[in-house]
Amino acid sequence: MYEVELKLRADHEALRGRLTTAGGDRVESRRQVDTYYDAPHRSFAETDEALRIRREEPANGDDVTKLTYKGPLVEAASKTREEHETVVDDDEALQGVLAGLGFEPAATVRKDRTYFSFEGYTVVLDAVDGLGEFVEIEREVPEAEVEAAREEAIDLLEQLGLDPDDQIRTSYLGLLLAADE
């Protein structure tokens, strides 16, 4: 499966109203702390890959830890990439496994996320520590449906009063690292 994702800077207060008016349903909110890792055998920055441990703190208090690998971007028009993710029972043990294999923490991204369901897509309002407010619209599809899903996401952004040409293809990690330079 491929995650088709478009991301833009957005004013959350205005966007919440437009989402609700357009029929979007608020699903949940949660805090996420993402620790990204460098590989000992290649530069993920050069290959445009990512390996992270994500700690999620939903409002219901049932914390979840996930390990995610994101492959390189597969097209120039969006942030579409292959993604593999699994829930982890013991994040300290996972950190030990990664350290034992030579993976080192590179950076941490902290954000508050509010999820909406809208026209078969997930719309996420992200408040990222040190970066500001963003919106992501995303959907997982088979490779054959990537282009159609991207075009539909563009239409939905326009419906919400956003300009798809303002899309940001850089990850939050990349934006944070660039801000530190």
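User: What makes S1 and S8 a strand pair, and in which sense do they run?

Analyst: In this predicted model, eight bridges join S1 to S8. Two strands pair if there are at least two bridges between them, so S1 and S8 count as a pair, and they run antiparallel. For a landmark on your screen, look at Leu 8, which stands opposite Val 135 in S8.

User: How many bridges join S1 to strand S5?

Analyst: Two bridges join S1 to S5 (residues 81-88). The cut-off is at least two, so this counts as a pair, and the two strands run antiparallel. Tyr 2 has Glu 82 as its bridge partner in S5.

User: Why is S1 called largely enclosed?

Analyst: Seven of the eight residues of strand S1 (residues 2-9) are buried, so the rest of the structure largely encloses this strand. Buried here stands for under 20% relative accessible area.

User: In what order do the strands close into a barrel?

Analyst: Eight strands close up in the order S1-S5-S4-S3-S2-S6-S7-S8, with antiparallel pairing. On average, neighbouring strands of this sheet are turned by 35 degrees against each other, direction ignored. Strand S7 (residues 121-128) pairs with S8 over seven bridges, in the antiparallel sense. In that pairing, Asp 126 has Phe 134 of S8 as its bridge partner.

User: Which strands do helices H1 and H3 lie across?

Analyst: Helix H1 (residues 12-22) lies across strand S6 (104-118), S7 and S8, and runs at about 165 degrees to S7. Helix H3 (residues 91-100) lies across strand S2 (25-38), strand S3 (50-58), strand S4 (64-73) and S5, running at about 170 degrees to S3.

User: Why is the pair of Phe 134 and Tyr 172 called edge-to-face?

Analyst: Start with the general idea: a pair of aromatic rings is described by the distance of the centres and the angle of the planes. The count comes to one aromatic pair. The ring centres of Phe 134 and Tyr 172 are 5.1 Å apart and the planes stand at 65 degrees, so the pair is edge-to-face. The cut-offs behind this are centres within 6.5 Å and planes over 60 degrees apart. The pair links distant parts of the chain, as Phe 134 is in strand S8 (residues 132-141) and Tyr 172 is in helix H5 (residues 172-180), 38 residues apart.

User: Are those two residues buried or exposed?

Analyst: Phe 134 has 0% relative accessibility, so it counts as buried. Tyr 172 has 6% and therefore counts as buried too. The cut-off for buried is under 20%.

User: How do you know that a charge sits over the ring of Tyr 172?

Analyst: The charged end of Lys 7 is 4.0 Å from the centre of that ring and sits over it. The distance limit is within 6 Å of the ring centre. Elsewhere, Arg 139 lies over the face of Tyr 121, at 5.0 Å from the ring centre.

User: What makes Arg 81 a buried residue, and what does its side chain reach?

Analyst: Arg 81 is part of strand S5. Its relative accessibility is 7%, so Arg 81 counts as buried. The side chain of Arg 81 reaches the backbone oxygen of Gly 71 at 2.8 Å. Arg 81 also touches residues including Tyr 2, Glu 3 and Asp 48.

User: Why is Asp 48 called partly exposed?

Analyst: Asp 48 has 33% relative accessibility, so it counts as partly exposed. That label covers values between 20% and 50%. Asp 48 is in the loop between helix H2 (44-47) and S3. Asp 48 also has a positive phi of about 60 degrees although it is not a glycine.

User: And what about Lys 111: buried or exposed?

Analyst: Lys 111 has a relative accessible area of 2%, so it is buried. This residue is placed in strand S6. The side chains of Lys 111 and Asp 34 are joined by a polar contact of 2.6 Å, where the limit is 3.5 Å. Among the residues Lys 111 touches are Arg 54, Asp 126 and Tyr 172.

Conventions:
Residues are numbered from 1 along each chain as its sequence is written. This is a predicted model: local features need pLDDT of at least 70, side-chain atom pairs count only at pLDDT 80 or more; totals for chains, interfaces and linings use all residues. Side-chain values use heavy atoms; hydrogens and water are left out. Rings of Phe, Tyr and Trp (its six-membered ring) pair if their centres lie within 6.5 Å; planes under 30 degrees apart count as stacked, over 60 as edge-to-face and the rest as tilted. Helices (H or I, at least four residues) and strands (E, at least two) are DSSP runs, numbered from the N terminus. Buried means under 20% relative accessible area, exposed over 50%, partly exposed in between (1.4 Å probe, protein chains only). A charge sits over a ring if NZ of Lys or CZ of Arg is within 6 Å of the ring centre and within 35 degrees of the ring normal. Axes are lines fitted to C-alpha atoms, for helices over the stretch in contact, and angles run from 0 to 180 degrees between N-to-C directions. Contact means heavy atoms within 4.5 Å. A polar contact is a pair of N or O atoms within 3.5 Å; within protein, one must be able to donate a hydrogen and the other to accept it, and residues adjacent in sequence count only if both atoms are side-chain atoms. Lists of a residue's contacts leave out its neighbours within four places in sequence.
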